[in-house]
Amino acid sequence: MPSPAWEGHEDAWRTPGSGAHALLAAPIEDLRAGTASWVGRELAAGSKVYYKGWLEGSTNPEHHWIVGPWGAPGGREAIGSGQLEFLDYPTVIERCGGTNEGLFRLQLDEVEQAFDEGWGTVAMTQETSYRPMLDAAEATQFAGQERAFDLIASRWPVNTLCQLSLHDERDTAVWESMAVHHRDLQSLQWSARILEDRWYLSGELDVHVAREFGAAVHGALRSAWRFPERPDLEVDLAAVSFLDTACAQIMMLAARSAARYQRMILRRVPPLVREVIEVVGRPRSVFYDASYGVGLANTPAAHVVDDIPRSRAPRSRRPGSTGTGTGASERPVRPR
Amino acid sequence: MTRGVSTAAGTPRPGADHRGLLVVDRADLVAIAAPMVAGALADRRRVVVVVDRATARELADVLADGSATARPTLTGVEFAPPSALDRHGSAAFTRSLNEWAGSERAGSERAGLDDCGPDDPRHDRTEARPFVLTQYVPGTPDEEAGARAVLDAPNGPPVTVICACASDAEPSVLAEFRRGHRLLASPGPPAGAPALRTTVGDTEALAGVRREVRRVATAAGFGGSDLDRAVLAVHEAAVLGYRLACRAADHADGDGDAKGRLGSPDTAGRATGSTPCRLEVRTGEGRLVVDVVVPTGGHRPDDDAATGSARADGPAEPEDLDEPPDDLLGRVRPDGTVDVDHVGRFCHAVSVHDRTRSRAIRVLALAAG
C-alpha cells in the first residue's frame, strides 16, 4: 500500500505557538494509521490528548484500538497516566446536551483542565461521526462546531485533528466536511492548506477525488468571500503533480458559480496543469499569476494578473482572533 | 503478425469508410501504414496504396524486404501514384474509387462473410471492403467539398479510405483536413505481447494505473513532458472506458440511465456490477499504444461516435469564456457516444473502435526525438 501523502510533512501540522485544525480523510485503514501516528507525535511532544470516538463492543477505553498494538505509540501508557483521555460519543452527546454551545463548553473545559494539570499544549481528535447530514440545518450546525475548533486553535496552543472515513460516511457528510476543512486537509492522494491567505494544493487530483476536491474548492471560495476587501481566492498549484479534466472542470465550474466579482487567481501553475485547464475552458473570473510566466505566451493578456501586491498588512483570517497572543499562560474563559 | 487497424462497426455500413491519419514524416507514415496494410492483406482485402514514389519504395521495402518498381504489385498490394486521387471530387477521382471498390474480389469477400458465424472475428472488421491508403493532397474549397460529397455519401463507393496528412502542415491545411476527416484511424500496435495488462474496476485504481503506465512508458524512452502527457492521455481514456463499462452494466441490468457522469458512480468510485475495462499497453521504440477495451455485451451506441484528434496546433480561442460548456468532457452521452477530442490534445492520436462485443479506445503517444 502506498504511503499516505502526509508522511514526511507531519511537522507542518504542529506550528509552535499556535494551534491548528486539520482534517484527515481516508479509507478506514489509512485513517487509523494516520491518526495513530498523529496521536503518537502529540504524546511524544508532551501534549494532553483528548480523544473522542466510538467504543465498539466494549465500555472500557483501554480496549479502544488507539491504545492497542496498532494504535498510537505510547498510547497505552498515556491512557494509564492520564495524558490521553478517551470519551465515547454517546457520553459526549450526553454531557453537551447535543448542542453546539454545550460542545464548545465541553471543549473549553478540557483545555482549561489541561492547563490546570500543567500541560503546555493540547491535542484534540475525534473520529468520523457518521452524521446523516440530511438537511441544511444539520450542515449549518456541523459548520458551527467546526468553527469552534478554529476559534480554539486561534486563541490557544490547541491542535485539532478531525477524522473522516471516506468510504463509511454519506456523500453529503463528506462534502460538507471537505468544504469546512478546506484550510487544512489531508487525503490519500492530495492535500490542501491555507498559508498567508493563499490556498496551497498538492498531490494528484483526478476523478476519484473529484467530488471531495470540488467540495473543498467551494469551501475555499465561500471562505474567501467573507472578507469583502479581498474576496479573491488565490490558489497555488506548484505542488500539484497531476490534474485531470474531471478535477479541472470541477474547479472551473466552482469558479463560475462563485460570487460575482470574486476572482480565482492561479499561481505557479505547471504547464501541463495549465493546458488541462485551458482544454476544459476557463471562465473570465479565473486568472493566472504573471510572475510564473512559463508557458503563458498564448494566454490572453487580460487573464494574466501582475497587480497582486506581494506583501500585505498582517491580518488574521481566522474568526474570533484578537491578535493579542496565544501563549499557554492565557487561560480559556468560559462563555456566559 | 501485426494486427491491422480495425475500422468502423462490425455491421457493414453503406458508402465509404473515410478516415484521417496524422503522421510526423515519411518514416512515421511507413511505420504506421505497414501494419495496417499487412492486416488488410491478412484479412484478404484488396489493398491500394496511393502515395509518392519514395514512400511507395519504403513501404514496399518494409513489407517485402525488397525493392519496389515504379508501379509495383506486392503480394496483393497495388501502388498507384497520387495523381489517381489528386483532383478531389472530379470524375477521375470518383472513377478511381469506384474501380477499387467494385472489384470482383471484394464482392466475393463480402459474399463469403454471409457464411460466417456471428462470433467469427471477421465480423469485427468492415466487411472485407477494399482498403485504400493515400496521402492527403489539399485542394480548393470546391474540390474538398466535392471529395466529401463522394466519400461521405450514403451510396458512395464501399471502400475504406485512410488519408495521411503531415502533422506539421500549414494550420489552414490541418484545419481543412480535420473538417473533412471526422474519424481518425490509429495504427496497429507494435508487435509482441503487451508490456502491461491491467484493469480498471473503479476510479480508485486509476492512480495505480498511472504509475504502471509511467513505468512502462519510461522504459520505452518517454521522458519529461512527453511522459506526463502520455500518462494523462491514457488516464483520460481509462476514465472514459470506466464510464462506458458502467453504462454497459446499466444496460445489462435494464437501467438505461447512464451512470458515467462526472465523478464516481458511488461514494467509493466503484462501478457496481460492471465488468472492468481492461488496458493493454504495448510499446515500441518511442511509441506507446494503449487499448482501453470495454465489454459491451453486444450493446451498441446509437451512432458511430468514433472521433479522434491529434494534438492541437495551439490553444483554441474560447468563444465565450463565461458560458459554461455545453457538455462536460469525458461524459458518456445518453446515446452511448463519447467524445475523445480532449484525450487527443495530449497524445498523437486517439480513436474509438466498435466491435461485436466490445469497444476499444486506442491512444497513440509518440516520444519526441
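Biologist: At what angle do the axes of helix α4 (residues 100–116) of chain A and α5(A) cross?

Modeller: In this predicted model, the axes of α4(A) and α5(A) cross at roughly 25° and come within 10 Å. That angle makes α4(A) roughly parallel to α5(A), because angles under 35 degrees count as roughly parallel.

Biologist: Is the crossing left-handed or right-handed?

Modeller: α4(A) passes α5(A) in a right-handed crossing.

Biologist: Which residues make the contact?

Modeller: On the α4(A) side, the contact is made by Asn100(A), Leu103(A), Phe104(A), Gln107(A), Leu108(A) and Val111(A). On the α5(A) side, the residues are Gln141(A), Gly144(A), Gln145(A), Ala148(A), Phe149(A), Leu151(A) and Ile152(A).

Biologist: Let us move to the strands. With which sense do strand β4 (residues 121–126) of chain A and β5(A) pair, and over how many bridges?

Modeller: The pairing of β4(A) with β5(A) is parallel and extends over five bridges. Within it, Met124(A) stands opposite Thr160(A) of β5(A). The chain passes from β4(A) to β5(A) through helix α5 (residues 136–155) of chain A, and this β-α-β crossover is right-handed.

Biologist: And what about strand β1 (residues 20–26) of chain A and β5(A), over how many bridges do they pair?

Modeller: β1(A) and β5(A) pair over seven bridges, in the parallel sense. In that pairing, Gln163(A) of β5(A) is the bridge partner of Leu24(A).

Biologist: How many of the residues of strand β5 (residues 158–165) of chain A are buried?

Modeller: Eight of the eight residues of β5(A) are buried, so the strand is largely enclosed by the rest of the structure. In a regular strand the side chains alternate between the two faces of the sheet. Here, Val158(A), Thr160(A), Cys162(A) and Leu164(A) point one way from β5(A), while Asn159(A), Leu161(A), Gln163(A) and Ser165(A) point the other way.

Biologist: How much of chain A counts as buried?

Modeller: Of its 336 residues, 55% count as buried. The secondary structure of chain A comes to nine helices and 12 strands. Among contacts in chain A with a separation of 6 or more, 73% come from residues 24 or more positions apart.

Biologist: Now the backbone. What is the phi of Glu196(A), and where is the residue placed?

Modeller: Glu196(A) is not a glycine, yet its phi is positive, at about 50°. The residue sits in the loop between β7 (190–195) and β8 (198–205) of chain A. Glu196(A) is exposed, with a relative accessible area of 78%.

Biologist: And Tyr261(A), is it buried or exposed?

Modeller: Tyr261(A) is exposed, and its relative accessible area is 66%. This residue also has a positive phi, of about 75°, although it is not a glycine. Tyr261(A) lies in the loop between α8 (245–256) and β10 (264–267) of chain A.

Biologist: Turning to chain B, what is the order of the strands in the open sheet?

Modeller: The five strands of this open sheet in chain B follow the order β8-β9-β10-β12-β11, with antiparallel pairing. Its edge strands are β8 (196–200) and β11 (349–354) of chain B, each of which pairs on one side only. From one strand to the next, the twist averages 20°.

Biologist: Which strands does helix α7 (residues 206–219) of chain B touch?

Modeller: Helix α7(B) packs on the sheet and touches β8, β9 and β10 (287–295) of chain B. The direction of α7(B) makes about 165° with that of β8(B).

Biologist: Over how many bridges do β8(B) and strand β9 (residues 277–284) of chain B pair?

Modeller: β8(B) and β9(B) pair over five bridges in the antiparallel sense, and Thr198(B) stands opposite Leu279(B) in β9(B).

How values were computed
Residues numbered from 1 in each chain as written. Chains lettered and ligands numbered in written order. Predicted model: local features only at pLDDT ≥ 70, side-chain atom pairs only at ≥ 80, totals over all residues. Heavy atoms only, no water. Buried < 20%, exposed > 50% of the residue type's maximum accessible area, 1.4 Å probe, protein only. Helix = DSSP H or I, 4+ residues; strand = E, 2+ residues; numbered from the N terminus. Pairing = 2+ DSSP bridges. Right-handed = clockwise from strand over helix to strand, strands pointing away. Axes fitted to C-alpha atoms, helices over the stretch in contact; angles between N-to-C directions. Parallel < 35°, antiparallel > 145°, perpendicular 65-115°, else oblique. Left-handed = near helix turned anticlockwise from the far one by under 90°. Contact = heavy atoms within 4.5 Å.
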